[in-house]
Structure formats: C-alpha cells, structure tokens
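Work through the exercises below with the structure at hand. Try each task before reading its solution.

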Amino acid sequence: MRIEVENLTFVYSEKSKSLQYKALDDISLTIEEGDFFGIVGETGSGKSTFVQHINGLIKTQKNCKKFTVGEFDLTDKKCDYKSLRSKVGMVFQYPEYQLFAETVFEDVEFGLKNFFPNLTQEERSEKVKQAIETVGLDFERVKNKSPFEMSGGQKRRVAIAGVIVTRPEVLVLDEPVAGLDPKGKLEFIKLLKRLHNDFVKTIIIVSHDMDLVAENCNKIAVLKKGKIVETGSPKEIFCQKNIVENSGLDLPLTAYLQRELEQNGIKLNSDLTVDNFVEEVKNYYCKIKGGK
Amino acid sequence: MKEFSFGSYYPENSFVHKMDARVKILLSIAYIVAVFLVKNNTWINYLGFVPCLLFVIIVAVVSKIPFIKVVKSIKTIIFFVILSALLQIFFNKSGTPLWKNGFITDKGLYNAGYIFLRIVLVVMGASLLTFTTSPVEIADGIESLLTPLKLIKFPVHEFALVMSIALRFIPTLLDETDRIIKAQTSRGADFNSGNIFKKAKALIPILIPLLISSFRRADELADAMDARCYAGSKNRTKYKKMKLSLRDLIGTLFTALLIVGVCFL
C-alpha cells in the first residue's frame, strides 16, 4: 500500500487559543510500497502525531489536501477505519504496557477476534501460533502463561505478536527499541527484517536510534517543529552536516567514522550500512596496498 | 483526549487570576452564601438574584474569561437542575392552582424558577473559581485554610499531599488512558457499539493496563520520595508562598458589596 500525504497540518486543541499547539505543519510525503521508512527528529517534532494519522487514530483536519493509504482515503469521513487498521499495524512505544489478558494466547488473539470475528477456533489458533512463533517465542510454553509474569523483553514480543497476528501490510513502529538491551535490540532488528521479507510490505519506523535507522531504512524523513526538513536515503541525510546539526540529530556510527576519516584525508563512499562500510574500508585498504 | 484540559482552568493573566487562592476560595463560599440569602417569599424577591448575576458577569469580565464558557459550565448539571425544577412544578401542592382543578400551582412555579436560578448561579460562581485558579493553587489554598485543624491532630499536610498528588496525576493518567485506548483501537477494539454489557466488557483492555501502570507509578513515586528523604510536614518550606495583597482586599470588598446588596433586596 502506497501512502501519499499532501499538505497535512495538525493542530492540537484547535478551539482554544491559549492551549493551541501546531504539531504538524504542511507535511507532504510519499511512502512507497516496500519501503523501510525511517522518521527521525527531536522530541516534540511531530513524529508520533504523524504516524498516528496513518492508522486513523488521529483524524485529519479540514485543510489536509490528500491523505491516502492504499485504497483508503483518510480525508473522507466515511473511511472504513476498522478495515484500514487490520491492514496497518501499529506498535506503540513500550507496547508491553498495553497487555491486559489473562494468558498470552488471549492477548495475541484480541486483534484477530476484533478484525475477523468469523474465523473458526482452529483458524484463530493457527494464526496466533504463527504470530507467537514469528516473534521468537515457544508457543507451547508461553500460550497459557500470564503476560504479566514474563520478562520485559518477552512482554514486548507478545505485544508485537498481538499486532502482527492480523498480518498487516504496513507496520508502523514508534520507538520500538527503547529500553531494550543490546542483545534484545539486535534480535528485534532481525525480527523486523524477517517480517519485511515475509508479509509486511512496508515498515515505517520512528526512532532516535540513528544506527538502527541508517542500517535498515532505505528512506528517511527528518522532522523539525512539525515540518519536514528533508527526505532521502540515509546517505543523503547523514552526509549533509547542516541537516544533522540543525535538526538535533545524532550521527550513526558509520557516518561518524566516515566523517572523521574524511577529515584525515581518507574518503569513503559507503551507504552507511555496516556491511557496506566494511566493504568500502576493505576496498580502500586494497587500493593503497596495491598501490604500494 | 489531548484536547481535554483538567478541570476547567483557563490560563489568563488577569486581576482575578492573580488573587490569592485562599481568598478566592473563601469569597466563593461567601458568594454561595449570598445566593442562598436571597429572600424567598414573593415574585419580587427574584430581584435578589440580579446582584448575583451581575457579580458573576463582572468577575468573568475582569478575569477575561469568555462569558459563554461560564454559562457552559452548567452543562454537566443541567439535567439535575431541570429535574428538580420539574418536580417543583408538578408536585408542589401548596399555593393556588393556576386554573380550575389544575395541579400546577403558582407557588410550585415560583419555587421551580427559584431553585433553577439558585443552582445555576451557584454553579456559575463556583466555576469561576476553577476557571481562574489552577488545581494546584486550590490544593495549596485548602491546605492553608485547613491549618487550624492541626490543633486537633488532623494530618493537614498529608491530606493536602494526597490531594495534590491526585491532582498532579490526573493529566498523566489521562495521557496514559489516551495511549492505551489508541493502542487497543489500532488492534481493532471498538468501544462504541453493542449493548451496555458489551460496552462495559470492551473497557477491560483499557482498565487493566491502566490499573497496572497506576500501581507502577505509585511505586516509582514512593521510591523517588524516599530517595529524596521526604519526611512529611515538619519544617517544610514552600516554593510558592501565598501572600495577601491589595487585590485581595478589593475582591473582598466587592463581594461584601454583593452580600449587602442581596440583603437589601
């Protein structure tokens, strides 16, 4: 599903002059099907407000010219939000805080029951099993456990299983790695990649973790004070010094190294993923060695 | 839900906003007393409500609050007000019937109007207090006003602390509720359809996470207070000291004028 946005402005507390707050200011953006799209920017730049629009959790305000997600037109009041939400999964920050059911099975089943009430018990069971296994948990061992007696990392997996159980085409993740330990983070990225190769066509990720963004996203939008500063590939974004500095961004490690090396006269041209960076270093090394 | 601002505090920079919270609380009570002082005998006594209404209008103008907001504050109790007025109209048997064998009496009608005006005026006046005074100020004001109760060993400080913590966490919990509602909505939860039992059941996915997070927050707050050696009321100083000023005197005189006016009419 292709996502197209034109002139999206969103104001909180529109009616009250003293409390009014403009969270999004004239945003136009296209996210192609198949993108692994990153949205970055400092706190309060409107990232979360924007991604919540995609799921119809925040309704567009009058002046928005166009907002389509696949065949769904979000500027239309009669838009079928339920069916939209079954196709656009949303993982919130700290998703483990949304768990509520007595068992892991019931919690994961929740979305399925809501979106597809006509499925038989077996079909549902099968889908829940798949979802739980996709996030790397042992179905037989966890299905009857209470989600509240699990560890933080496991809880988060259960919560994510609860979102992907409906096999959404678009998955939106708001700060998904916040609070995970390094190992958990690594596994999480692997999971995302697996999903992207499997049924999730488009992944949209909001993050402060530039390494994560540079490593995985093919396109990035930088937000500042509700406006889009720039969109482009990680390379296009992170190699422009002024964008990074003006938008309160951090550099991914690869971009940092590349910049430092450049200042020492070694010019690399990687796309900022670790593999490609190593490749570039190798090539450079071979070149000077061969030159000797 | 982000549109929801707690209570009805309406931030402005006005004469009334800057008044001492304690004085405002006391004056609100005085105002309510004044409304109840309006005599209750004949139709001419309705005139007693005029100064009260004038008072509300003047305070609203001085505090730069749109009068329409003050009027809207009766929205929540309008059902109750109309019900009590109707009860008076239909069930008051004293006085003379308006027409032969009718069950509506002049006394009933008179009482209905009287009760209606009384409640509406009281609520509008009370709303002015919450419009011009932030919840925290009100809590501080109440604490200060209750200080004499310390003499009978009433834990005033603890009481006020509980009150201000509760007030402090209302917006936080609202945010949290908002987030959980959104998270469950995106998983297809539907809170608006079905009969009342279905609707009640639909609340479970919100209430349980909310309950759990409240406990978590309470624990964290207790730890944070312990870590800073919080030990209750002894020798605690205040960041914002409340001070009486000329403004409060003017406000008091103005309210006194109202009471005198009501007593004379």
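The model is predicted: local features need pLDDT of at least 70, side-chain atom pairs count only at pLDDT 80 or more, and totals for chains, interfaces and linings use all residues. Residues are numbered from 1 along each chain as its sequence is written, while chains are lettered from A and ligands numbered from 1 in the order in which they are written.

**Exercise 1.** Describe the build of chain B.

*Solution.* 
- Start with the elements. Chain B has 10 helices and 0 strands (DSSP runs, H or I of at least four residues for helices, E of at least two for strands, numbered from the N terminus).
- Check the spread. The radius of gyration of chain B is 24 Å, well over the 18 Å of the globule rule for 265 residues, so the chain is more spread out than a compact globule. The radius is taken over C-alpha atoms, and the rule is 2.2 Å times the number of residues to the power 0.38.
- The C-alpha trace of chain B spans about 70 × 55 × 40 Å along its principal axes.

**Exercise 2.** Locate the nonpolar cores.

*Solution.* 
- Take the largest core. Of its 76 residues, I39(A), V108(A), A161(A), V172(A) and I204(A) touch the most other members. A core joins buried Ala, Val, Leu, Ile, Met, Phe, Trp, Tyr and Cys residues through C-beta atoms within 7 Å. Buried means 20 or more other C-beta atoms within 10 Å of the residue's own, with C-beta atoms placed from the backbone.
- Find the main contributor. Helix α6 (residues 152-164) of chain A gives the most to this core, with 6 residues.
- Look elsewhere. Another core, of 24 residues, lies apart and includes Y31(B), V38(B), A60(B) and F131(B).

Technical notes: A residue is buried if 20 or more other C-beta atoms lie within 10 Å of its own, exposed if 12 or fewer, and partly exposed in between; C-beta atoms are placed from the backbone.
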